[in-house]
Amino acid sequence: MTWNTSGRLARIFLVVFTVAVLIYLIMPTFVIVPMSFSSKSYLSFPPPGWSLQWYQTMMERHDYPQAFWNSIKIGVPVALLSTTLGTLAALGVVRGRFFGSRPMSAVVIAPLMLPQIILAIGLYPIMAKFGLAGSYPGVVIGHTVICIPLVFITVAASLKNYHPAYEYAAMTLGANWWQTFWHVTFPMIRVGVIVGGILAFTFSFDELIIALFLTSPETRTLPRLLWEDLRQYVTPIIASATTLVLCISFILFGAVALLQRHLSKATRS
Amino acid sequence: MSGQGARIEYVDISKRYGQVEALRRTSLTIEAGEFFSIIGPSGSGKTTLLGVTAGYVPPTTGQIIIDGRNVVGEPPFQRNIGMVFQNYALFPHMTVAQNIGFPLRMRKTPRAEVAERVRKMLALVRLEEMAERKPGQLSGGQQQRIALARAAVYDPLMLLMDEPLSALDKNLREAMQDEVKQFQTVLGSTVLYVTHDQAEAAAMSDRIAIMNHGRIVQIGSPRDLYEHPVARFVASFLGEANIFDIDKVSPHASGSAIATRHGFSLVSAIASGHEGQCICVRPEAVMLHAQRPTGHDNVIEGRIVDATYTAGSLRYRVELASDVVITQRTPSVRGAEMFAEGDRVFASWRAEDTLLVADD
Amino acid sequence: MQGTTGRIWSPARGYFVILSLPVLFLLVFFVWPMAGVVLRSFEGGEGIFSQYLTVFERSSYIKVLLYTLQVATTVTVLCLLIAYPVAALVARLQGKWLQIAFALILVPFWTSTVIRTYAWMVLFQRKGVINGMLIDMGLIAEPLRFMHNNIGVHIGMVHIMLPFMLLPLISAFRNIDPSYMRAAGVLGANPIRAFWHVYLPLSMPGVSAGVALVFITSLGFFITPALLGGAHNMMVAVLIEQQVTITVNWELASALASVLLLVTAALYIVYDWVSRRAGGGGVLD
């Protein structure tokens, strides 16, 4: 056998393998969607018949709608708070370059790298001390800690895209710190900030471990409710709720993809 | 909108980054309405001096006194200084009119006045029809003029320019030199202009400071610096220079007699006896002859190693000794005979053109 | 001598103030809780190391720690073996195909871990899709058990970690100039030698980034092992959660968490140091 034919065989194998891996990556997620429209209470694929009964049951139960709204009520403030703090951190680290900015940036990045279970068991006693355990502010703070580095990374990337001379120019022209940020810096990093905010919301919307420790039955999020239900029984209601969450995640994913395409077009011109 | 520019006095100004002394203690005065250039290689401290003046680089020591007021310690946005950046730093998300109006809006100028002054400024740089374009849609030269207009629209005390023409191609650069100079004359501003291009600085400036290793080596008019360089660095940075190393200097009837390290002796009109000097002869001062000339101060036999004809001038490289090749330049005359490579020639120059400068 | 300057306005001071706000927030709500966990791990026994003695003396806890290391290692190796050829192919795609491949890799990124683990639970059931397919194809007679054992945990975790391995590898491969491989071919290297001496060394930054990311993240995994794993094979994050919620032994949970914290932080510091020395950027760049 020559190098040529064996090379061609290897290439065919590589393509088949890659397609198989990509299917493995996305297939399980989408198996859930048809199940949520099943007419039977047991899970089988493909479903024996179709109906919307599980969506109806889900809406009629009070815990699912409540958990859904809780997730929104927690995710939106998390996105706003972590976008603000993450953007400030990125500005300070990327533009600052002063003595001590490296250890400070390590503190900013670290929450994303360490296992969340440690943060969860560390935050719970502190939140309990302040009477915030189980409250909205408690879990919002917990999620914000991990979302700050997410925003930091996307905003820092946008800041590195252009030279600080724009900010110096604004300042020599008479703009103070706030005016410089609002009129010059922010318009130039806007896409990074918005993408960071969406990432933060998505993280909070999907997060389980912190929510497990810092929410109460009244403030519990959708992932926590799913988790609690999963440990008891696997019914198509969970599939319906999951499909709903998937829809929201993919709308946000699409928004980010469009924003990034817009950004890459803008930087190319 | 024009007014007299301010007078700027630097007293003992210096800047240190950790162990690196970017700017050594420097004192300097720029007169009101003067076009003052700083030239020097990269890392010579000229950009640091600019940053210190604009205010975004805090100096380690010293004062900057603008019209009698020390501005060190003030943030850039309180200094009322205009700056043109190397790549213009025009805000890409604003139109040309918004860019020029930006400093006025930051000063809470009434809307009607902003519009009026932007219009006048656009007229001055002859770009009225570009008002609603974005900077990305303009050519390099047009962006350059908008950057000038934006830096000057609020009658700043002085204009700083950081290599403003370096991004333009050669022909446009020469046209823009006149443009910048005319702009300054109309407005009467004090200009501090930083460049690494000595020809550009010479064409525009009233005075030039040459910087090297964080300090000013010499200040003077362009002609002064070219004709009377004080140091080898100045002589070779500003224009071309033939440099000879000195072995021994002794007094002579018309100045000094100098034994070079290259095996020949020279006569200079400058009386000297300083240690650590070298000789500088400008290429235009050198004359070439086919026969040994008589009555010339310095005559050395040599061989042409290279002859080039460039628009308007002839340029020869002549080997005088095994390790000495000098450059000679003369304006070309129509149909004049040229020496050819390998020709034996006699190079000569006057004792007045044998400059003694500090060796660095 | 300072001259007459005194307190000078400087951009660095402004950016310090700007950075101090988020850093202050993280000191209170991140550094303090972490420090609290470490401090609590020295409490609640005789002598300050009593919790650690418990952790390292009782064989059931040692088993959990070893199992955690073993799963993280296996998952990392599997991810690398699967992701390397896929990344090599995807990195050479252009235009629309590249975008499609990227979308497929990023979709799981945007899907909650709870949901993806739930999907595997559905697929892994006794009468689930996978068993059904295998029986229909005649490969097996009786349904296989995937859940509450090693197989399920590994399949689920590899599924979740694979994008974290693919993305750094793809970016490393895209940075390799294809002309190197062509040059190696022209110079007479056969494809295997060219791969071994050219492609593999140039892809090492991506490999090390992916391996570090996957291994360190796998150590702290909670959701997938909790739902798909069995009671006999427990990972350390699951044990920590159980110690708090079921046994209510915060001190022991803190000691376990401190061990996890120490290992994770140490691995990051080593990785940062190695990649910095290798000339690439560190974790912070």
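How many residue pairs are in polar contact between chain B and chain C?

1. The model is a predicted one. Between chain B and chain C, 1 residue pair is in polar contact, with both residues at pLDDT 80 or more. On the side of chain B that touches chain C, strand E4 (residues 61–66) gives the most, with 3 residues. By class, this side of chain B comprises 7 nonpolar, 7 polar and 2 charged residues. Salt bridges across the interface of chain B and chain C number 0.

2. The contact draws 16 residues from chain B and 8 residues from chain C. About 870 Å² is buried between the two chains, and carbon and sulfur atoms give 64% of that area. Of the area that chain B buries against chain C, 34% comes from Pro58(B), Thr60(B) and Gly73(B), more than from any other three residues.

3. Over all chains, the salt bridges come to 29. One of them pairs Arg119(B) with Glu116(B), with the closest N and O atoms 3.1 Å apart. These two residues are 3 residues apart in helix H3 (residues 111–124) of chain B, about one helical turn. Arg119(B) is partly exposed at 47% relative accessibility, and Glu116(B) is partly exposed at 33%.

4. A salt bridge also joins Asp155(B) and Arg117(B), at 3.8 Å from N to O. This pair links distant parts of the chain, 38 residues apart: Asp155(B) lies in the loop between helix H4 (140–152) and strand E7 (158–162), and Arg117(B) in helix H3 of chain B.

5. In helix H5 (residues 170–187) of chain B, Lys170(B) and Glu174(B) are 4 residues apart, and their side chains form a salt bridge at 3.3 Å. Lys170(B) is exposed at 52% relative accessible area, whereas Glu174(B) is partly exposed at 40%.

Conventions: Residues are numbered from 1 along each chain as its sequence is written. Chains are lettered from A and ligands numbered from 1 in the order in which they are written. This is a predicted model: local features need pLDDT of at least 70, side-chain atom pairs count only at pLDDT 80 or more; totals for chains, interfaces and linings use all residues. Side-chain values use heavy atoms; hydrogens and water are left out. Contact means heavy atoms within 4.5 Å. Buried area is the accessible area (1.4 Å probe) that two parts lose on being put together, summed over both. A salt bridge is a side-chain nitrogen of Lys or Arg within 4 Å of a carboxyl oxygen of Asp or Glu. A polar contact is a pair of N or O atoms within 3.5 Å; within protein, one must be able to donate a hydrogen and the other to accept it, and residues adjacent in sequence count only if both atoms are side-chain atoms. Ala, Val, Leu, Ile, Met, Phe, Trp, Tyr, Cys and Pro count as nonpolar, Asp, Glu, Lys and Arg as charged, and the others, Gly among them, as polar. Buried means under 20% relative accessible area, exposed over 50%, partly exposed in between (1.4 Å probe, protein chains only).
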